[in-house]
Amino acid sequence: MATRTAGRLNIHVQGWLMVLPAMVLLAAFTHLPVVTTFIDSFFSTPRAGHPAHFIGVQRYGDMAADPIFWQALTNNLLYALITVPVSIGLALAMAIWVSGRIPGRAMLRLAFFMPTVLPMIAAANIWLFFYTPGYGLLDQIAHLFGFGSTNWLGDTSTALPSLMAVTIWKESGFFMIFFLAALQQVPPDLYEAARIENATRWQVFARSTWPLGMPTTLFVAINELINAFRIVDEVWMLTGGGPGSATRYIGLYIWRVVFPKTDYGFGSAASLLTLYFTIVICWLLYSALIARRSTRRIG
């Protein structure tokens with residue numbers, strides 16, 4: 001009995017030792033920075049000869065009174081509202097397409113996944129060529145149909161959708177891989193039974209493929225939502241937040257406060273508020289998808 005207990009204890013110790021390096025890295029580079037950021041948000045930024053002092057929630061009040069912050073938050077919400085469902089739908093459609101037995105399936109998968117492996121600077125340069133007024137690819141195509149030039153990134157009505165298109169193009173192929181893996185786990189007998197019952201493709205998708213892929217959809221949706229509130233690179237290289245504040249997002253807003261102004265306390269408060277907001281949105285999305293899945297089961 002003692003030997004069996006010692007063996008079980010030894011297995012637990014070995015397990016904890018195996019995950020210890022990952023736990024240390026996670027604590028050092030994720031949990032500890034969050035705690036220090038939370039503390040810094042209640043203190044002023046130290047200057048030469050002026051140490052930091054406690055100011056309470058003043059930073060959060062300053063943010064609430066800043067119209068640029070609300071503009072950035074609105075832009076981020078609109079960006080997430082469009083890019084998340086469109087990317088999920090496109091990724092799922094691509095996964096369904098390349099999961100079938102079609103000629104050139106391997107090349108199609110590679111083509112869909114290729115934007116993911118491109119560095120952001122390369123992807124931005126590609127889309128800059130597309131969007132350049134006058135001689136860009138989009139304007140060249142528009143000229144063939146008699147339309148004029150459009151300043152895609154310099155017009156407030158087109159700058160935000162233009163950035164959304166870049167994100168959807170770059171991320172859909174990555175999340176296609178997850179949907180493709182989920183589709184390959186669906187039992188073939190299920191599709192065979194549907195064919196015997198003369199079910200249409202839409203019925204098979206709505207009653208079998210989509211419900212069985214709901215955990216993958218939830219995973220992809222939450223990751224897409226988190227990415228939507230972390231966007232900085234595309235904005236910085238394509239528009240710089242302009243024109244005006246049309247494409248200024250939370251990440252760029254924080255960067256412009258922290259580095260040029262060296263106001264680390266305000267940046268900490270803005271980062272924490274973004275973190276809280278993202279957690280609430282992800283929780284609501286998770287609850288909605290779980291409730292939908294439970295309703296389908298009951299039905």
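A pocket is an open set of grid points with protein on both sides within 12 Å along at least five of seven lines. The model described here is predicted. Its largest pocket has a volume of about 650 Å³. A total of 17 residues line this pocket. Nearest its centre lie Ile 96, Ser 99, Tyr 191, Val 204 and Thr 209. Several helices take part. Two or more lining residues come from each of α3 (67-99), α4 (105-117), α7, α8 and α9. By class, the lining of the largest pocket has nine nonpolar, four polar and four charged residues.

Ser 99 belongs to helix α3. Its relative accessibility is 30%, so Ser 99 counts as partly exposed, a class that runs between 20% and 50%. Beyond its neighbours within four places in sequence, Ser 99 touches Arg 105, Arg 109, Leu 180 and Leu 183. Ser 99 and Ile 222 stand 123 residues apart in sequence. Their C-alpha atoms are 24 Å apart in space.

Rolling a probe the size of a water molecule over the atoms shows where empty space is left. The structure holds one cavity of 30 Å³ or more. The largest cavity contains about 70 Å³ of space. Its lining consists of Leu 92, Phe 179, Ala 182, Leu 183, Val 186, Thr 209, Trp 210, Gly 213 and Thr 217. Helices α7 (159-184) and α9 are the elements that give two or more residues to this lining. The largest share comes from α7, which gives three residues. Six residues of the cavity lining are nonpolar and three are polar. None is charged.

Helix packing around α9 was then considered. Two packed helices are described by the angle between their axes and the distance between the axes. Helix α8 (residues 188-196) and helix α9 (residues 201-212) pack at an angle of about 170 degrees. Their axes are 11 Å apart. Angles over 145 degrees count as roughly antiparallel, so α8 is roughly antiparallel to α9. On the α8 side, the contact is made by Leu 190, Tyr 191 and Ala 194. On the α9 side, it is made by Val 204, Ser 208, Thr 209 and Leu 212. Five of these contact residues are nonpolar and two are polar, with no charged residue.

Trp 210, Pro 211 and Leu 212 in α9 meet Met 214, Pro 215 and Thr 217 in α10. The contact of α9 with α10 has five nonpolar residues and one polar residue. Charged residues are absent from it.

Asn 76 is another residue of helix α3. Its relative accessibility is 0%, so Asn 76 counts as buried, the class under 20%. Apart from its neighbours within four places in sequence, Asn 76 is in contact with Ala 228, Phe 229, Ile 231, Tyr 249 and Ile 250.

Asp 233 lies in α11. At 46% relative accessibility, Asp 233 counts as partly exposed. Asp 233 and Phe 29 are 204 residues apart in sequence, with their C-alpha atoms 21 Å apart in space. Trp 236 is also found in α11. At 45% relative accessibility, Trp 236 counts as partly exposed. Its contacts, neighbours within four places aside, are Leu 252, Trp 255 and Arg 256. Trp 236 and Leu 20 are 216 residues apart along the chain, and their C-alpha atoms are separated by 37 Å.

The loop between α11 and α12 (250-258) holds Pro 243. The peptide bond from Gly 242 to Pro 243 is cis. Its omega is near -5 degrees.

Definitions and conventions
Residues numbered from 1 in each chain as written. Predicted model: local features only at pLDDT ≥ 70, side-chain atom pairs only at ≥ 80, totals over all residues. Heavy atoms only, no water. Axes fitted to C-alpha atoms, helices over the stretch in contact; angles between N-to-C directions. Helix = DSSP H or I, 4+ residues; strand = E, 2+ residues; numbered from the N terminus. Parallel < 35°, antiparallel > 145°, perpendicular 65-115°, else oblique. Contact = heavy atoms within 4.5 Å. Nonpolar A, V, L, I, M, F, W, Y, C, P; charged D, E, K, R; others polar. 1 Å grid on protein atoms, 1.4 Å probe; cavity = no way out; pocket = protein on both sides within 12 Å on 5 of 7 lines; lining within 4 Å. Points joined across faces, edges and corners; volume = space filled by probe spheres on them. Buried < 20%, exposed > 50% of the residue type's maximum accessible area, 1.4 Å probe, protein only.
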